[in-house]
Amino acid sequence: MTARELALRVLLELDGMRKSEELLNRMLETSGLGKSDRALAKELVAGTLKYRLQCDYVIARFYRHDYAKAAEVLKNILRLGVYQLMHLDRVPRSAAVNESVKLARKYKGDHLAKLVNGLLRNISKESIILDGWTADLPEAKRLSIIYSYPEWLIARWITRYGIDAASTMLAHGNLPPATGYRINRLKTDPENLLVKPELSDAKRVTGAEGLGHFFFSKSFDRMEPLLKEGLVSVQNPAQGLTCLMAAPEPGSTVYDMCAAPGGKSTFMAELMENRGCVIALDRTAAKVARIASNAEALGITIIEPREGDALTFDPGCAVDTILLDAPCTGTGVLGRRAELRWRTTAEKLRELVELQAAMLDRAASLLSPGGVLLYATCSVEPEENEHQVEAFLQRHPDFVMESSRLTLPGSSEGFDGGFAARFRRKEA
Ligand SMILES: C[S@@+](CC[C@H](N)C(=O)[O-])C[C@H]1O[C@@H](n2cnc3c(N)ncnc32)[C@H](O)[C@@H]1O
């Protein structure tokens with residue numbers, strides 16, 4: 001199977017529940033593809049998913065019949081082809097067209113292979129004049145085609161953040177996401193680790209206090225041995241900031257209500273010098289197993305992984321710090337999850353806001369007086385962030401908010417978007 005056929009299979013088999021990255025990795029395991037083909041398959045899946053709306057808009061302009069009625073397999077072959085022609089400069093035009101035609105022949109026969117050939121030959125950077133075609137459309141509709149996002153989400157972002165910030169966020173989500181790493185302070189430190197030759201391209205995070213243990217690197221292959229040795233973990237510094245805001249004390253008891261795969265539990269354990277206890281809950285055995293294996297790789301012994309529902313689970317002991325890294329729409333990390341922009345809906349947002357509020361209430365009922373509650377999301381929607389914490393404070397006058405932080409995607413280089421608020425429960 002070629003990289004393009006594998007990408008097509010992922011696009012066809014991706015249902016509304018699964019993550020494209022997980023499905024892709026599973027298929028790659030048995031594909032026998034070499035390194036560069038694997039990279040191409042990944043790029044094709046992520047790019048075609050992100051640019052789906054834009055590709056469909058372009059295809060519909062050149063398609064002679066009713067494109068909405070075309071078979072899914074044909075749509076995806078065309079999307080893959082258009083994505084390569086418009087956005088993958090390193091793929092020669094002939095390869096993008098010919099390989100798409102081959103796929104069409106294999107999956108739909110000669111007739112549709114001719115259709116794909118005819119349509120893709122009409123498409124080039126010169127023949128696609130998106131700015132001109134969309135100039136007279138309302139702003140949110142225009143941007144939805146230019147950046148390939150749902151119009152309703154863009155309209156929200158423009159209303160809330162203004163056109164300039166919204167455009168920055170949209171552009172950021174289309175860039176390949178930066179991979180951040182955290183240096184494990186239980187095993188090493190930045191001065192000793194960052195002099196290693198394999199880290200010559202590492203870009204250390206500066207600025208915010210406590211982020212000196214984070215860096216970005218583009219060469220995942222070179223990082224693999226360090227990950228295996230537990231010297232580093234994959235973590236975006238924005239996620240790290242949440243743990244720094246929680247600032248759990250060594251020797252204290254922490255409850256992480258939504259912990260898998262354990263990125264924040266393990267960082268908190270490192271900040272606690274591996275002393276005390278981190279109860280790390282998630283709702284399925286498979287997810288809990290990931291927390292345990294990640295902690296083990298890092299040499300952390302104070303994490304107690306638990307399976308359960310955060311709405312009812314009782315840690316069974318007095319807790320000094322609770323982290324609620326809540327399930328959310330993820331609109332701060334749309335660049336990282338290619339399909340997410342099409343799955344987030346206004347209805348889903350409403351359901352999540354209710355769940356987050358119930359989880360916050362549960363956290364409030366479990367926290368000891370004087371304890372810290374850290375609420376975090378990777379969303380930039382006010383209902384999940386500022387409105388949520390305002391409503392929480394109204395329901396719980398025994399809590400005060402000590403600090404909060406909203407990061408918009410693209411506002412700090414490499415940082416994911418998201419929100420965090422630190423509350424303290426007043427002493428009784
Ligand atoms: C944002 S992710 C957590 C990421 C994690 N804190 C980290 O830094 O690695 C949210 C997690 O909440 C979990 N979750 C969702 N609903 C839950 C529930 N009712 N009880 C426990 N965990 C839940 C999901 O399985 C998911 O792993």
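**Domains, ligand shell and helix pairs**

Reply: The C-alpha centres of domain 1 and domain 2 lie 25 Å apart. The model is predicted: local features need pLDDT of at least 70, side-chain atom pairs count only at pLDDT 80 or more, and totals for chains, interfaces and linings use all residues. Residues are numbered from 1 along each chain as its sequence is written.

Me: Into which domains is the protein chain divided?

Reply: The protein chain has domain 1 (3-121), domain 2 (130-173) and domain 3 (237-425). These bounds come from an automatic or database domain assignment.

Me: Turning to the ligand, which residues come nearest?

Reply: Cys258, Gly263, Lys264, Ala310 and Asp325 come nearest, out of 17 residues around the ligand. A residue is near a molecule or strand if its C-beta atom, placed from the backbone, lies within 6 Å of it.

Me: How do the shell residues divide by class?

Reply: The shell around the ligand has 8 nonpolar, 3 polar and 6 charged residues. Ala, Val, Leu, Ile, Met, Phe, Trp, Tyr, Cys and Pro count as nonpolar, Asp, Glu, Lys and Arg as charged, and the others, Gly among them, as polar.

Me: What joins Ala260 and Pro261?

Reply: A cis peptide bond joins them, with omega about 5°. Pro261 is in the loop between β5 (253-256) and α14. Most peptide bonds are trans.

Me: At what angle do the axes of α13 and α14 cross?

Reply: The axes of α13 (residues 237-246) and α14 cross at roughly 45° and come within 9 Å. Axes are lines fitted to C-alpha atoms, for helices over the stretch in contact, and angles run from 0 to 180 degrees between N-to-C directions. The two helices, α13 and α14, are therefore oblique to each other. Angles under 35 degrees count as roughly parallel, over 145 as roughly antiparallel, 65 to 115 as roughly perpendicular and the rest as oblique.

Me: Which residues make that contact?

Reply: α13 contributes Gln239, Gly240, Thr242, Cys243 and Ala246, while α14 contributes Gly263, Lys264, Phe267, Met268 and Leu271. Two residues are in contact if their C-beta atoms, placed from the backbone, lie within 7 Å. By class, the contact of α13 with α14 has 5 nonpolar, 4 polar and 1 charged residues.

Me: Now α9 and α10: how do their axes cross?

Reply: The axes of α9 (residues 139-147) and α10 (residues 151-173) come within 10 Å and cross at roughly 60°. That makes α9 oblique to α10. The contact involves several residues, including Leu143 and Tyr147 of α9 and Ile154 and Ile158 of α10. Its residues comprise 9 nonpolar, 1 polar and 3 charged.

Me: What is the phi of Ser148?

Reply: Phi of Ser148 is near 65°, a positive value in a residue other than glycine. Ser148 is placed in the loop between α9 and α10.

Me: Lastly, how do the axes of α17 and α18 cross?

Reply: The axes of α17 (residues 346-366) and α18 (residues 386-395) cross at roughly 40° and come within 11 Å. α17 and α18 are therefore oblique to each other. On α17 the contact uses Val353, Gln356, Ala357, Leu360 and Asp361, and on α18 Gln388, Ala391, Phe392 and Arg395.

Definitions and conventions
Helices (H or I, at least four residues) and strands (E, at least two) are DSSP runs, numbered from the N terminus.
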